[in-house]
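Trainee: I would like to learn how to read protein–DNA contacts in a model. Please take me through the case shown here.

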Number of protein chains: 2
Amino acid sequence: MTVKFNNRDPVYVQVIQHFKEQIAKGYFEPGQEIPSRRELANQLKINPNTAQRAYKEMGEQGLIFTEGNMPSCITKDEAVLKSVREELIIEAVDLFLGSIKSIDVPLSEVLEIVKKKHDAESGEAEGSK
Amino acid sequence: MTVKFNNRDPVYVQVIQHFKEQIAKGYFEPGQEIPSRRELANQLKINPNTAQRAYKEMGEQGLIFTEGNMPSCITKDEAVLKSVREELIIEAVDLFLGSIKSIDVPLSEVLEIVKKKHDAESGEAEGSK
DNA sequence: TTTCGTGTATTAAGCACTTAATACAGTTTG
DNA sequence: CAAACTGTATTAAGTGCTTAATACACGAAA
């Protein structure tokens with residue numbers, strides 16, 4: 001497990017974001033065990049308390065659960081898991097539309113750029129394929 | 001002049017962002033005077049030093065210039081003004097594509113949502129028109 | 001039982017941003 | 001000239017958030 005952190009957002013927020021993305025991609029089974037706070041801290045080279053804070057918030061959001069001193073697990077509620085993906089998409093779309101709106105760019109103009117950039121990226125990602 | 005601040009980003013960064021958006025919209029003429037540090041601080045209900053910091057960075061970025069003790073002005077370099085709009089667009093697109101990529105959402109799927117949301121927003125914005 | 005690994009809680013330290021209080025030089029205006 | 005406005009600079013204090021350092025309770029396992 002590896003995460004590239006930026007210096008802009010709090011680390012614990014980025015950790016939560018990372019887990020949400022993993023969930024959105026379907027990398028986790030419902031009820032699956034996740035690394036302990038200390039183990040995650042070692043893997044990501046962060047402080048155990050930072051990992052703790054991330055897990056604590058994920059617990060409050062219902063993304064993970066903890067019983068007694070057992071390792072924490074991904075929620076078994078598949079509706080929650082599904083909604084994570086939808087919420088991330090909505091977030092991205094709203095942020096995007098907000099930015100576009102704030103500079104009065106016609107949607108058609110920017111969508112052209114989006115498609116162009118997307119094709120360029122996926123092209124270089126596949127290499128000489 | 002009014003700006004709605006969020007509690008997430010530094011105020012001086014949001015002030016710069018606000019000016020860039022105004023420039024991108026073409027609200028400023030090249031060479032146009034802008035409010036003094038103290039006046040802007042009064043208008044936006046912020047500390048004069050915060051306004052100063054924003055203006056200082058905008059000066060370093062070539063967005064505004066100051067001669068002697070004259071009021072600061074928007075740059076006369078129209079190429080710079082034009083590039084502001086383009087950079088904001090590129091920023092928005094890159095951020096958007098990055099978010100989409102991190103959760104493996106097909107472009108076609110998300111573009112549908114974008115169009116749908118955009119139509120809904122512009123619809124309610126125009127009211128009973 | 002002892003040891004180790006869980007989760008959890010408390011307290012302190014560090015850091016960036018904001019605000020504040022001044023100060024100074026120059027120009028315009030009354 | 002004097003007052004009031006520009007921009008600019010320095011220094012310090014305060015504030016909130018993040019991170020760090022510890023400690024504690026519990027349970028499983030050697």
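Trainee: Which residues come nearest to DNA strand D?

Mentor: A residue is near a strand if one of its heavy atoms lies within 4 Å of it. There are 18 such residues around DNA strand D, and A:P10, A:V11, A:N47, A:N49 and B:R37 come nearest. Before going on, note that this is a predicted model: local features need pLDDT of at least 70, side-chain atom pairs count only at pLDDT 80 or more, and totals for chains, interfaces and linings use all residues. Residues are numbered from 1 along each chain as its sequence is written, chains are lettered from A and ligands numbered from 1 in written order, and side-chain values use heavy atoms, leaving out hydrogens and water.

Trainee: Which polar contacts does the protein make with DNA strand D?

Mentor: A polar contact is a pair of N or O atoms within 3.5 Å; within protein, one must be able to donate a hydrogen and the other to accept it, and residues adjacent in sequence count only if both atoms are side-chain atoms. On the bases, the side chain of A:N69 has an N or O atom 2.8 Å from a base oxygen of DNA strand D. On the phosphates, a backbone N or O atom of A:V11 is 3.2 Å from an oxygen, and a polar side-chain atom of B:S36 is 3.0 Å from one.

Trainee: Which element gives the most to the surface near DNA strand D?

Mentor: Helices (H or I, at least four residues) and strands (E, at least two) are DSSP runs, numbered from the N terminus. Here α3(A) gives the most, with three residues.

Trainee: Which residues are closest to DNA strand C?

Mentor: Of the 19 residues that surround DNA strand C, the closest are A:R37, B:P10, B:V11, B:Y12 and B:N49. A polar side-chain atom of A:R37 sits 2.5 Å from a phosphate oxygen. Base nitrogens of DNA strand C are contacted by side chains of A:N49, at 3.2 Å, and B:N49, at 2.5 Å.

Trainee: How many disulfides are there over all chains?

Mentor: A disulfide is a pair of cysteine sulfur atoms within 2.5 Å. The whole structure has zero.
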